[in-house]
Every structure is written in C-alpha cells, then in structure tokens.
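This report describes charged side chains and a chain-to-chain interface. Please have the sequence and the coordinates at hand while reading.

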Amino acid sequence: MADGRSQIRRRVGLKLWLSGGWIAFLVMAALCAPWLAPHDPLAQDLFLGRLPPAWVQGAEPGFYLGTDSLGRDVLSRILYGARLALIVALVAGSLTCLIGATLGLMAGFLRGWVDVVISRAIDIWMAFPPVLFSILLIAVMGPGLTSIILAIVVIDWTRFARVVRAEAMAQGAMDYVASAQVAGRRRISTMFTEILPNVLPTIVVLLTLEMGIAVIVEAILSFVNLSISTDDPTWGGMIAEGRTSIHQAWWVLVFPLVTLFLTVLSFSQLGEGLKDRFDPVLR
Amino acid sequence: MADLFTIEDLRLSLPDMTKKPLLGQAPRIDILKGLSFTLPKGEILGIVGGSGSGKSTLGRAMVRLLEPTGGRILFDGQDITHLDEDGLRPLRRRFQMIFQDPMSSLNPRHRVGQIIAAPLSLHGFADVPARVMDALDHVGLSRGFANRYPHELSGGQRQRVGIARAIALRPEFILADEIVSGLDVSSQAQVLNLLEGLVQELGLTLAFISHDLSVIRRLCSRVLVLYQGEIVENAATAEVFDAPKAAYTRELLDAIPLPDPDQVWT
Ligand SMILES: Nc1ncnc2c1ncn2[C@@H]1O[C@H](COP(=O)(O)OP(=O)(O)OP(=O)(O)O)[C@@H](O)[C@H]1O
Ligand SMILES: [Mg+2]
C-alpha cells in the first residue's frame, strides 16, 4: 500500500527502534561490564590522571574516553554505573507502577469506600514536598540502593494512581462494562479483563517515563552524595566530580551526562513507541 | 401463552446529586413511577416515549443492571427484583441486551471473536469457537471478522457484533435499547430485517426501545408508551396506531413524518 498511513507507521517504528536499541545496548553493557570494561573502574593511578579521550592529542592507548583526576577510566566507570542506573530504573519503576496502578485501578473502577480511602491517601501524600521527603527518608534509613528505590516508590506511586484512576473511571462508564455485567462477569474479573487492557497503554507509557525519572533521581541523589557509597561508580557521582574539573577535563563531565541524557530520553520515547506499535486501537 | 416477564408496580428512584445538601441525604427523584405490564413469550414489545421518559431505565431494570426501589419483576415466574449478582448469574444467560452505541458497548481492545466468546466461556459452554462462528453466520458477518477490532468495522457491522454477542448465548429475552438510532437509513433497515429474522428463527422475546414510531410499527406486536415515568398506553400495535387512547400518544403520532411526501397532495 502506498498511502500515507504506511509512512506514519515507519516513523513510529524508528522511535521504538532507536530508544529500544539504546536501552538494549545499555542493558548488555551493564550485564557484560566486567568483560567489556577495559579497566577496573575503581583503580586509581595518579600518573594517568586527566587523560583526554582517545581522539584528542595526548591520549594514552586503552583509555578510550579518558580518565578523571584520580586516573580512573571514564568508560569503565560509565559501564559499571549503568548497572546501578538500570537496577534502580527497573526495580523502582516496576514497583512504583505496580503499587500505583493497582491502587488507581481499584479506586477508579470499584469506586465507593475503596475510592474514598485511596483518593484521600493520594491527596495527603501529594501535600508533602517530595524532595524533602526523600532526603528525610534517606537520612533516616541511611544511604544505599534500598533507600533510593524506596524513596522513589514512596514518592511517585501517586503519579500512577492519579492517572490510572481517572482513566479507569472513564472506562468504567463505557457500555462494555454494563455488557460484561449482563453477561454475568464478576466485578473484579471485569476490572482485569475489560478495564485493564484499556488502561494498559497509559500504564506502559507511565512506566517507562518513571524508569527515566528513576534514573534522574538516582543521579541527583548521587550528585548530592546521598546515593550509595561514593566509591561505587554512578553517573550522578561522576557528573558531580566532573563539574569540579570542567575546565581541565571536560570529558569527565560530558560523557556521563550524555549517557544519562540519552538513557532518560530513550525511556520516555520507549513507552510512546511501544504504545504506537502495540496498541490495537492506534495501529 | 405464558408470560416471560411480569412487572408489578415497578418503581425506581435515584438520588439527585445536583440537589444534595452539604450534609445528609440527597433528595430522590422518581424515574419510574409504578409500572405494571406483562410481556408474553414470543412477543415483540415496543417501548416508546420522549427523551427522559424512563425507557432505558425500565429496560435496564428488566435486565437487572439497575435494582428497583419498589414493586416486583418476575422473570419466567421467578422474582428477580432484588437478587444480587450471585443469585442473578445463573439467570443472566437467559436475558441479554443489545446497546445503543456499539462504539461504547464493544471493548475497543478486544477482537470481535473474543467479544462474542467471553459470555459463552463465562457460562461454561462447550465448543465456544464453533458457537462464535455460528453467531457470526447468524448476523451475516463472514468468519474473518472474528480477528478484527471494533474500530475496524462499519457502524452497521459493529451493531451486528452486538447482536451476535447477545444471541450467541441463546437467550429467551433480548432488550434492544435504541439499537438503530446511530445508523444511516439503509443500515437501519438491514439491522432491523436481521433482528426480525432472528426473532422468528430463535423464538426470541424482544423489548425494543425506540423513539422512531415507524420502526416500532413495522417490528412490534405490542406497544408501551411511557410519559414521565408512567405508562400512558399499553396495547396491540394496530390499536395504538389506529385508535390511540392517550392524548400523549396522539401527539407522538402526529409528529411522525409522512412516509410518502406525495400523499400530501393527493
Ligand atoms: N444516574 C442517574 N441519576 C439521576 N438521574 C438519572 C440517572 N439516569 C437517568 N436519570 C434520569 O432519569 C430519567 C429517565 O432516563 P432514561 O435514560 O431512562 O430516559 P430515556 O427514556 O431512555 O431517554 P432517551 O430517549 O433520551 O434515551 C431522565 O430524566 C434522566 O435524567
Ligand atoms: Mg435511553
């Protein structure tokens, strides 16, 4: 077919392929970091400090993206940093999504006292300033992977709950719900078989957005030294260190920053791309 | 002939949320104000009335999407007025409904085959796929439609899917609420012909809600005229059209456009 529709579909595919490709590449890099990384990400060598990237004059062979002021290999640190970023994105993103979407779905579809309880909880939750809340939480629990993930889940579940609740409410007013009741389907079963497929596209978009947000939050917390121990390579930590030597060694700041940017962008585009590709109503 | 539905003094009121005081109960508005009638097996009952007269509410009470606040509904001799969903479930197969807007009543993210199959599986039918195909045959859709999504169909085809879903369960009663009002004239005629044929073939009892009196006249054997939640006329179709008793019915009849404009000049 040579009409306009096929061209739209091609562009849609490109978005999915680019973002999915970058995420897949990152996942591979994180999994294979021990074999891919040319150097130990923690190994310091003051004689090799602030080496520029391979294509700049004065580079040493083997240090493709240069080294930081302590002589640690930037590429190796980015690869190992991907591990933490992806774990946080995956675990925090899915947990937030699972909790928020389930509560939102129940509130929006079952209504009644379930909705009253959940909506009140959302309102109260949203009254807390989130950044203070997360810093407080980490201060109490101590820095570490678990506290980062917990902070993200605790703060962001309302994002899912609100959106999914509104969507489920709109879907609940549709006649196909009445039709399911006429057919004798139980309400809980209707929620999963009829409503869920219709809010799923929204959930997927939110989920990948949340994964991007989780990566940023982790980076911000590392930046202010509230993430896991400062030795472990994290993108946020690298950016923080790179900032201090931006005039002498720009590469220490720029490479983790670009990686972070591409990752967050890819996550946000991935959801849209998946929705465009797999939502039967849009295809 | 035995009565499939017996409705006695049916009342239904809903809380009026627009007039709810800050504290306390909202005042209730009476939507159905004591309706009594019977629907014998095999009849096609037309329900007409102006907008807001309570036609849909009556229909939804009959298939127990709504619970009456007074009176009784007997289905095949059994009191279903206040049955809960568990009590209704075994009966649900026997009375079905076709909705006005198939865009809303067909789940947009389920395929047609899935939409027709779901009620069948719920009621534990064997050979579900064969019954889905049979239902598609009955409504004149080719079997390939089972793999399509509702938005890939025309309005008339969507309404046929709604009919297929209802008849697949082989119910005794079907409520059709304004099922052709969203269709153009030629699809209307096709869907009505189809429905008429199915009623004959499957021995259905039908309640057909419409505000189009010419459609009612063609299809129905009895007519119920509602006005502001009350029955103002309940008689055989010919009687209603030839000798309407209620003033409101006459008003409705006068509002029908003449079928043949030339008649005016002869
Ligand atoms: N959920 C509700 N809450 C309050 N009032 C309602 C509700 N549903 C319906 N009503 C009112 O009940 C009356 C009857 O509504 P119903 O839908 O049965 O009318 P209808 O005869 O089907 O009209 P139409 O031809 O426009 O479909 C209307 O006045 C309507 O405003
Ligand atoms: Mg109506």
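## Salt bridges and the interface

The side chains of B:R11 and B:D9 form a salt bridge, with 3.3 Å from N to O; the term denotes a side-chain nitrogen of Lys or Arg within 4 Å of a carboxyl oxygen of Asp or Glu. The model is a predicted one, in which local features need pLDDT of at least 70, side-chain atom pairs count only at pLDDT 80 or more, and totals for chains, interfaces and linings use all residues. Residues are numbered from 1 along each chain as its sequence is written, chains are lettered from A and ligands numbered from 1 in the order in which they are written, and side-chain values use heavy atoms, with hydrogens and water left out.

Over all chains, the whole structure holds 26 salt bridges. The table lists some of them.

| B:R11 | B:D9 | 3.3 Å |

Helices (H or I, at least four residues) and strands (E, at least two) are DSSP runs, numbered from the N terminus. B:R170 is partly exposed at 31% relative accessibility, and B:D134 is partly exposed with a relative accessible area of 31%. By the cut-offs used, buried means under 20% relative accessible area, exposed over 50%, and partly exposed in between (1.4 Å probe, protein chains only). A network of salt bridges links B:K41, B:D76, B:R94 and B:E172.

B:R158, in helix α6 (residues 155-168) of chain B, is buried yet has no salt bridge. The nearest side chain of opposite charge is B:D101, 6.5 Å away; Lys and Arg count as positive and Asp and Glu as negative, while His and the chain ends are not counted. Leaving aside neighbours within four places in sequence, B:R158 is in contact (heavy atoms within 4.5 Å) with residues including B:P102, B:M103 and B:H151.

Between the chains, 26 residues of chain B are in contact with 20 residues of chain A.
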